[in-house]
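Welcome, and take a moment to look over the sequence and the 3D view below. After that, we will walk through the structure together, beginning with a pair of charged side chains.

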Amino acid sequence: MQNGAKIEYDYSVAKLFTFTTILFGIIGMTIGVILAFQLAFPELSNLAGEYGTFGRLRPLHTNGVAFGFTLSGIFATWYYIAQRVLKVSLKESPFLMGVAKLHFVLYFITILLAVVTLLTGFTTSKEYAEFEWPIDAMVVVSWVLFGIHMFGMIGLRREKYLYISMWYMIAF
C-alpha cells in the first residue's frame, strides 16, 4: 500500500459477529423473560414440558447471554476496531482473513452445539462449566484462532504505537 492511499477496511467478519450478537441477545434475553415469569408464577414451569423447565432453561440463558451475546459483541468490536486502530485491512492478509472466518464458523457451531446439549440435558452438572469436553475443546480452538488473528494483526500494523484500546483487547 502506498503512503497516503486510503485503506479499504473489510468488515465482513465484524458484521457476522454483530448479527450473532443480535441473534443470541434476542434468544438469551427472551429465555430470561420466560425464566422471570416462571419464578413469579411457578405453575408456568409445568406447562412448558421437560425442555421448558427452569432447570433446563437457566443454563441456556446464562451461557447464551454470556457467550452468545456478550462474547460475540466483543469479537465484533475487535474485528471492527482493530483494523482502524492498527491501520491494516483484513483484505491485505488472506491468511488472517481465513483465520477470522474460520474463527467465526467454529465459534458459531460451538454456540449452537452448546445450545443443543444444554437444552437436552447433556452437561457436566457444574454451574458455569456445563459444557461437555468436546465443546470445551472447540472453545479452546476458537480462542487459539482468535489469538492468532489478534497477534497477526498487531504484527502487520502500520500504526507505530499500540494504543490503550488494543491493550484492553489483548487483556480480555
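**Charged pairs and a buried glutamate**

Let us start with E92 and R158, whose side chains meet in a salt bridge with 2.4 Å between N and O. E92 sits in the loop between α3 and α4, while R158 belongs to the loop between α5 and α6, so this pair ties together parts that are 66 residues apart in sequence. Both ends can be looked up by their accessibility: E92 counts as partly exposed at 34%, and R158 counts as partly exposed at 39%. Keep in mind as you explore that this is a predicted model.

By the rule used here, the count comes to 3 salt bridges. Another of them joins K91 and E8, with the closest N and O atoms 3.4 Å apart. Here K91 comes from the loop between α3 (54-86) and α4, and E8 from the segment before α1 (12-40), so the pair ties together parts 83 residues apart in sequence. K91 is partly exposed, at a relative accessible area of 49%, whereas E8 is exposed, at 55%.

E159 also forms a salt bridge, this time with K87, and their closest N and O atoms are 4.0 Å apart. This pair links distant parts of the chain, 72 residues apart: E159 is in the loop between α5 and α6 (164-171), and K87 is in the loop between α3 and α4. E159 counts as buried, with 14% relative accessibility, while K87 counts as partly exposed, with 36%.

Now for a charged residue without such a partner. Where does E130 lie? You will find E130 in the loop between α4 (94-120) and α5 (133-156). E130 is buried yet has no salt bridge, and the nearest side chain of opposite charge, R58, is 5.5 Å away. The side chain of E130 does make a polar contact with the side chain of N63, at 3.0 Å. Beyond its neighbours within four places in sequence, E130 is in contact with residues including P59, L118 and F122.

Finally, step back to see the whole chain. The protein has 6 helices and 0 strands, and its C-alpha atoms fill a box of roughly 65 × 30 × 25 Å along the principal axes. Of its 172 residues, 40% count as buried. Among contacts between residues at least 6 apart in sequence, 78% join residues at least 24 apart. As for charge, there are 12 positive and 10 negative side chains, and the centres of the two sets lie 14 Å apart.

Technical notes. Residues numbered from 1 in each chain as written. Predicted model: local features only at pLDDT ≥ 70, side-chain atom pairs only at ≥ 80, totals over all residues. Heavy atoms only, no water. Helix = DSSP H or I, 4+ residues; strand = E, 2+ residues; numbered from the N terminus. Buried < 20%, exposed > 50% of the residue type's maximum accessible area, 1.4 Å probe, protein only. Contact = heavy atoms within 4.5 Å. Lys, Arg positive; Asp, Glu negative; His and termini not counted. Charge placed at Lys NZ, Arg CZ, Asp CG, Glu CD. Polar contact = N/O pair within 3.5 Å; in protein donor to acceptor, adjacent residues only side chain to side chain.
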